[in-house]
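Visitor: Hi, could you walk me through a structure I'd like to look at?
Guide: Happy to, let's bring it up.

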Protein chains: 2
Amino acid sequence: MADPFEQLRERMGELADLRNTSELLDWDRQTMMPPRGALSRAEASATIQRLSHDMFVSDDTGRLIDAAAAALDGANPDSDDAASIRVVRRRWEKARRVPGRLAADITRAASVGQTAWIVAREESDFGAFAPYLEQNLDLVRRYVDCFDDVDCPYDPLLDDYEPGARTADLARLFDELKAELRVLIGTVAEQAGRVDDGLLHGDFPVARQRGLVAWLLELMGFDPAGWRIDDAVHPFAAGFGSHDIRITTRWDESFFPTSMYSAMHECGHGLYEEGVAESLERTPLGHPESCGLHESQSRLWENMVGRGRPFCGVLAPRVADAFGGPLAGLDGETLYRAVNKVTPSLIRVEADEVTYNLHIILRFELEQELVDGRLAIRDLPEAWNARYKEYLGVDVPDDADGVLQDVHWAAGLIGYFPTYALGNLVAGQLFERAHADMPDLDARLAAGDLDGLREWLREHVHRYGAKFSATELLQRELGASIEVGPLVQYLKGKISRVYDLDLDAA
Amino acid sequence: MADPFEQLRERMGELADLRNTSELLDWDRQTMMPPRGALSRAEASATIQRLSHDMFVSDDTGRLIDAAAAALDGANPDSDDAASIRVVRRRWEKARRVPGRLAADITRAASVGQTAWIVAREESDFGAFAPYLEQNLDLVRRYVDCFDDVDCPYDPLLDDYEPGARTADLARLFDELKAELRVLIGTVAEQAGRVDDGLLHGDFPVARQRGLVAWLLELMGFDPAGWRIDDAVHPFAAGFGSHDIRITTRWDESFFPTSMYSAMHECGHGLYEEGVAESLERTPLGHPESCGLHESQSRLWENMVGRGRPFCGVLAPRVADAFGGPLAGLDGETLYRAVNKVTPSLIRVEADEVTYNLHIILRFELEQELVDGRLAIRDLPEAWNARYKEYLGVDVPDDADGVLQDVHWAAGLIGYFPTYALGNLVAGQLFERAHADMPDLDARLAAGDLDGLREWLREHVHRYGAKFSATELLQRELGASIEVGPLVQYLKGKISRVYDLDLDAA
């Protein structure tokens with residue numbers, strides 16, 4: 001009879017293989033697959049997911065977990081082995097609650113919903129999409145019903161993307177953040193004329209952009225021996241183990257920051273995947289699980305490094321070299337101000353760092369109201385538009401640029417949005433601490449040396465994989481809870497500089 | 001209780017999904033994967049194969065087959081449904097005989113063997129590879145031992161790649177073919193100076209080759225909506241269902257025929273995958289099973305069309321346009337003679353149409369001797385070299401260009417080689433019949449119209465998928481057994497023309 005812990009490890013290894021396989025099916029679908037392959041691909045993905053789910057939730061897996069836990073009794077609870085059993089048991093107990101048929105219905109409805117959404121968005125017709133959203137929401141409620149011991153119906157949804165997080169805790173943090181951001185946005189609105197980002201718009205050949213992005217990624221740690229970069233309409237990152245990292249970006253010939261910052265963002269995700277300790281490969285801890293921590297990495301690289309003053313000094317001459325013309329002689333300060341212009345706008349993925357979190361917070365609020373029934377789907381567009389007017393001061397002209405702009409709800413992803421803002425909060429805390437630990441960090445960034453920061457993140461975040469929740473990791477590495485302060489201080493500092501204000505003193 | 005036939009269909013659909021997934025893992029490995037991803041990919045592939053094997057050989061699948069067969073009792077035995085149950089039952093009964101552990105050992109040894117082979121071939125060191133071949137051969141013998149009711153130990157191996165084929169039948173065909181080819185090669189040897197292929201060698205920029213290949217593939221029926229072409233060191237084709245066809249080619253800057261004919265070859269495979277009737281998708285008949293039939297398609301397009309006199313008249317001006325220089329004004333007759341030069345040589349994949357089959361036949365003979373123990377592995381290089389001298393008159397200078405040249409044995413593929421020569425025989429029969437059915441076929445090919453031939457192949461071969469074995473298909477569509485005559489007649493006709501001889505009258 002084999003060691004029960006080894007048996008569990010083998011089972012978990014197979015599940016990791018299925019996860020990697022499922023990710024490859026999806027990566028290929030978005031980057032390589034000829035369009036007519038879609039139907040066959042959907043079948044293959046559904047089958048891998050079903051097999052994976054069945055293997056995981058089986059009684060047999062439960063027995064392996066119990067036996068492995070007993071065999072490990074007395075081991076250091078902080079060890080990777082003990083942590084992996086805790087993590088697996090938590091996932092198993094949650095997954096067991098969900099009938100296989102419901103899980104399959106959710107997967108199928110997500111696929112159908114996305115197809116309907118594409119058409120509805122093109123025609124800006126929320127009415128055409130509403131029945132599919134109704135279906136997804138109905139399935140989400142049935143999913144929530146599988147968990148009768150929760151404080152709030154939104155909790156089990158949020159927990160899928162942010163293990164251990166509570167809706168009430170996030171709501172408190174977001175209320176605090178919202179208040180700060182609305183003041184900040186009000187202040188900037190009075191100074192709107194002070195920053196010009198006209199130089200970011202023009203004619204930027206894709207081949208030149210590719211050269212710029214290749215240089216940038218190499219600086220961050222992209223290594224062709226273990227990485228790829230490809231084009232995708234909606235950029236994303238994937239990791240099939242820590243030695244096969246795939247990132248994507250998109251190219252806008254009239255606005256060069258798109259490819260550059262999207263590549264930095266996805267490379268930030270990729271570095272996280274790559275940085276997981278080799279010993280965790282094919283274990284339950286081998287793939288980062290907290291979406292908030294994941295997003296903290298992408299946003300930290302994209303915004304705090306990429307749109308930060310020190311590194312803008314490195315970027316500017318490269319941008320000037322790549323495109324010349326009106327950008328010849330571009331200096332760091334000019335680039336810095338342009339890429340940090342604050343403009344309340346309609347579209348989340350194009351939002352600046354300050355307004356971005358309000359796009360998230362209003363989605364988080366609307367999702368809770370939809371789930372608990374306070375808001376009816378037919379009233380959603382109106383509620384959406386009202387909240388955009390209230391928080392960002394913008395009028396939503398149509399549903400395509402409003403409530404239909406994101407794929408998430410069409411894909412049944414409810415509970416995901418808040419992890420984006422959570423990621424920004426965590427990034428603020430990590431970036432603050434990295435500065436405290438490395439007093440010369442800004443000087444290094446200004447010299448184009450990104451290695452120190454990457455290694456600091458490896459040490460404090462990446463290597464743990466899924467061992468700790470976001471809250472646990474911050475407690476352990478920073479001795480802190482998740483907080484709003486560092487992000488707000490960081491944003492105030494940036495706005496002060498970009499808009500020639502003195503917000504820190506306020 | 002669901003219809004048992006529907007239940008079986010669903011199970012088979014899932015197995016088809018796993019097959020497509022497994023093919024994607026392999027396609028990606030050979031075209032896209034960064035090198036460091038290899039280990040994680042090997043784990044994922046092994047897990048998918050194991051799950052697929054376990055699902056297929058289960059008692060449960062056996063019960064579904066029995067129930068479905070009973071439910072279908074009385075149906076037309078020629079119907080797709082009846083055929084699919086026959087095919088599944090045959091595969092299930094064969095797979096059941098093989099213990100799961102042995103199947104896993106074979107997969108693992110194949111992976112290890114290929115790695116060892118790469119090093120051994122680089123160093124031309126058969127001794128270093130011998131232990132791995134010993135291991136593979138030992139596993140092959142244990143595999144053969146699972147089948148105690150066969151005439152010949154090579155039969156169950158051959159049957160894996162060529163369902164229903166018997167070693168004795170193939171040996172008779174190949175003996176006849178060998179005798180004909182050796183006479184033909186002897187005749188050509190006396191005329192070696194008559195054909196000059198110097199014009200095929202030179203400096204051919206890859207970008208120009210890509211343009212030529214793109215034009216050629218479009219003519220054959222390549223459609224970007226459902227196809228991709230990528231680069232690969234060892235070109236191959238894959239189909240994930242009939243709407244997602246992936247082919248590959250390689251580029252030799254000093255010899256343009258490599259990319260052109262490799263692309264035609266793989267496109268021939270791709271057309272077969274694409275041409276399977278839509279109604280067979282996700283059924284046991286949905287993926288062509290006979291390697292001989294598959295190879296008949298690739299070789300027919302590559303050689304009989306691509307190196308045929310009519311189509312050379314279409315190719316020549318395109319080649320001239322693409323490369324100019326010494327090729328400016330190239331005419332069809334000159335190209336035709338150059339690409340059909342017969343030269344006994346060392347390397348199978350570079351062999352001309354006439355000598356190619358001797359490369360195969362000697363491997364088929366050596367494989368049988370290895371399996372039944374007449375030949376010891378330590379004596380294999382000597383036997384290899386002796387047979388090359390005897391059949392092709394060439395001296396093998398080292399193992400890298402001799403017994404180590406192919407990956408097949410390293411990958412545990414024993415029984416596969418003969419399907420290449422079988423494919424050539426079948427191609428000869430199909431091409432002869434296509435001419436009989438379409439008297440204007442040569443005129444169409446000379447006009448660059450490949451549609452008629454493709455549709456003829458769709459009608460007589462492609463649409464059936466795995467419904468018929470090679471023998472059954474030829475019987476049904478051509479009213480013939482597998483025969484040597486048509487290929488030999490075809491080759492004699494070509495050699496007569498290229499070498500200004502009159503072999504037909506001989």
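Visitor: How much area do chain A and chain B bury between them?
Guide: About 3,000 Å², with 56% of it on carbon and sulfur atoms; buried area is the accessible area (1.4 Å probe) that two parts lose on being put together, summed over both. This is a predicted model, in which local features need pLDDT of at least 70, side-chain atom pairs count only at pLDDT 80 or more, and totals for chains, interfaces and linings use all residues. Residues are numbered from 1 along each chain as its sequence is written, chains are lettered from A and ligands numbered from 1 in the order written, and side-chain values use heavy atoms, leaving out hydrogens and water.

Visitor: And how many salt bridges between chain A and chain B?
Guide: The count is 8, where a salt bridge is a side-chain nitrogen of Lys or Arg within 4 Å of a carboxyl oxygen of Asp or Glu. A:R246 forms one with B:D28, and their closest N and O atoms are 2.8 Å apart.

Visitor: Switching to β3(A): which residues point which way?
Guide: A:R246 and A:T248 point one way, while A:I245, A:I247 and A:T249 point the other, and all are buried, meaning under 20% relative accessible area (1.4 Å probe, protein chains only). Strands here are DSSP runs of E, at least two residues, numbered from the N terminus.

Visitor: What is the bridge partner of A:A238 in β3(A)?
Guide: A:R246. Strand β2 (residues 237-239) of chain A runs antiparallel to β3(A), joined by 3 bridges; strands pair if DSSP finds at least two bridges between them.

Conventions
Buried < 20%, exposed > 50% of the residue type's maximum accessible area, 1.4 Å probe, protein only. Helix = DSSP H or I, 4+ residues; strand = E, 2+ residues; numbered from the N terminus.
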